[in-house]
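Welcome, and thanks for taking a look at this one.

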Amino acid sequence: MKQLWGHYDDFDPQLFDGKPYNEFYTQDEIREVVRYAATKHINVIPEIEMPGHALAALASYPELACTAGPYQVATKWGVFDDVFCPTEKTFTFLQDVLTEVMGLFPGKYIHIGGDECPKVVWHKSAFCQQLMKREHLKNENQLQSYIITRIDKFVTSKGRRIIGWDEILQGGLSPNATVMSWRGINGGIQAAKQHHDVIMTPGQFCYFNFYQGDLAQEPTAFGGSLSLAKVYAYDPTPANLSPTEATYILGAQGNIWTEYIATPDQAEYMIWPRAAAMAEVVWTPLTQKNYDDFTRRLPTHFERLSHLNVNYARTFYDALPSAKPTPDGHVEVSISAGTFASDIRYTLDGSIPSEESPRYELPLLLSKSATIRVATFQNGKPLSQLAKVEKAYLVSKATGKSYTLLNAPTSGRPDRNYSLTDGTTGAIGGYEVAGVVTFKNDLNTIIDLGKLEPVESVRIGFLKYTAKNICLPKQVEISISEDGKTFKPALTARTNAAESGKRAIIRLPFDFQPVTTRYIRIIARNVGKVPEGLRYPGRTAQLGIDEIEVR
């Protein structure tokens, strides 16, 4: 298997590193993992995926599929339509695999997956349709339940119990199954009400492969945001369960998926200190949980992790800048930090702050564009990660000025009066985009500079994220007016809407002959359909706007 270069959506078309991946554990290596874990009082639970996430197996054993193939091992992660076909040959294969696995892992539980199983192939398969008719199964969801129930009976006959992701609820739950609720909490609630054991692991609280700090500064992660405070705030026992039903909640699990995690150091960074918060979620009675007390004790835990050479994240100590425009066209930047970060240092030239850098005491008033980098210190020693937190702010004649949108945005910052002229730049991380306003139609806006001003350039930040159908405009038209009623053209420029490559916020300059004006009308023409040569040609395109500058 080869690995994607960068994030799943970083490039259009996608790029791969060309490096083959064919690592595996020998049986002796697995035995050593199990033995060592036992010395730490850890029970290792294996997961053998079925009936979906089976493409690697089908590449080696195409006879286990519903169609002839051929199949290839996937070169990127994802959910694929090709799944196990529920023939007797498939059940024999799965039972043989599970028998070998149970011989290596002595614990009570065997995880059999059950998640993200498309039913497309089963729906088209004559064999599957005949099997459903013979077994009186109403639909393909019940066919999945039939598969899981047969595997459950086999595992139970060996004195073990199965765990499956909450999709195993589809079509009816097999008798002895324990459910892992990952798609929110509803699967756990449903299973507990049916008196099945539940492990709560909803993504919004338990996925440690999500970002934990400013997404523009963090290493590549899957997407979404999961702060330390949010992990700690989680209560794995849903409030709408009865006392009896609540006893079926066994606990919670923190997950770390490694699609974008290449090294043990990076894995440690994503896990710690969020794992410490998760430990208190499951070990501390709800009435005794106290986040302030947890954070007071956290520095001592950091000392232990440092002594063990664990690469933990220090986002807990990060100072984060935020900004707002002022009526006179400046940008006021405030910097906030946690209780332990009493000494905040900053720079305005993009350099890494040191203890000799200016100390933050009052909000900063920017009269020109600047890149602010922030770090926290205590007793002269850095607390935050020095190279991380930075933010660019743009100051121009449009900063803080009002504007009229003649086409309504579809998403972004509609609640902020100056979302396109507030001086704040957007950011991209994982699947997330912050601070960008999107339009299904053209961008059509009139900016009021408040008075006559000499103007010779407009600069617009466009989001290029073609994997999300957000393309550069095909054309930009700029016109000027002294009264806001009669506009004269200043510039019409074509752009490359079909530009491929890395996703980014691209700041395009549009220069014209110097003029004196108060009102500037900007029309950015949506390309309409995603152009050929990009990942999803023909889909409806959108425009993404970050910030508008006038100079």
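Of the 551 residues in the protein chain, 49% are buried, where buried means under 20% relative accessible area, exposed over 50% and partly exposed in between, using a 1.4 Å probe and protein chains only. This is a predicted model, in which local features need pLDDT of at least 70 and side-chain atom pairs count only at pLDDT 80 or more, while totals for chains, interfaces and linings use all residues. Residues are numbered from 1 along each chain as its sequence is written, and side-chain values use heavy atoms, with hydrogens and water left out.

**Overall layout and confidence**

- The protein chain has 13 helices and 24 strands; these are DSSP runs numbered from the N terminus, with helices being H or I of at least four residues and strands being E of at least two.
- Taken along the principal axes, the C-alpha atoms fill a box of roughly 85 × 60 × 50 Å.
- Among contacts (heavy atoms within 4.5 Å) between residues at least 6 apart in sequence, 68% join residues at least 24 apart.
- The mean pLDDT, the predictor's confidence in each residue from 0 to 100, is 92 for the protein chain, and 97% of its residues reach 70 or more.
- Confidence is highest in helix 3 (residues 88-104), at a mean of 98, and lowest in strand 17 (residues 432-434), at 80.

**Nonpolar cores**

- The largest nonpolar core has 78 residues, and Leu98, Ile112, Leu143, Ile151 and Val155 touch the most other members; such a core is a set of buried Ala, Val, Leu, Ile, Met, Phe, Trp, Tyr and Cys residues joined through side-chain atoms within 4.5 Å.
- Helix 6 (residues 140-157) gives this core its largest share, seven residues.
- A second, separate core of 27 residues has Ala398, Leu420, Val458 and Ala493 among its members.
- Leaving aside residues up to four places away in sequence, Leu143 touches Pro86, Trp122, Cys128, Leu131, Met132 and Leu137.

- Helix 12 (residues 274-283) is largely enclosed by the rest of the structure, because eight of its 10 residues are buried.
- Those buried residues are Arg274, Ala275, Ala276, Ala277, Met278, Ala279, Glu280 and Val281.
- Their cover includes helix 8 (203-206), helix 9 (228-233), strand 7 (249-252), helix 11 (264-271) and helix 13 (291-307).
- Ala267 sits in helix 11 and is buried, with a relative accessible area of 18%.
- From C-alpha to C-alpha, Ala267 and His330 are 41 Å apart in space, and they are 63 residues apart in sequence.

- On a 1 Å grid over the protein atoms alone, a cavity is a set of points where a 1.4 Å probe fits but cannot get out; a pocket is an open set with protein on both sides within 12 Å along at least five of seven lines, and lining residues have an atom within 4 Å of a point.
- The second largest pocket holds about 470 Å³ of space.
- Its lining has 25 residues, with Leu215, Ala216, Ala427, Ile428 and Gly429 nearest the centre.
- Strand 14 (390-393), strand 16 (427-429) and strand 23 (504-525) each supply at least two residues of that lining.
- There is one cavity of 30 Å³ or more, and the largest cavity has about 40 Å³ of space.
- The largest cavity is lined by Gln212, Ser227, Leu228, Pro273, Arg274, Ala313, Thr315 and Phe316.

Note on methods: Grid points are joined across faces, edges and corners, and a volume is the space filled by probe spheres set on the points.
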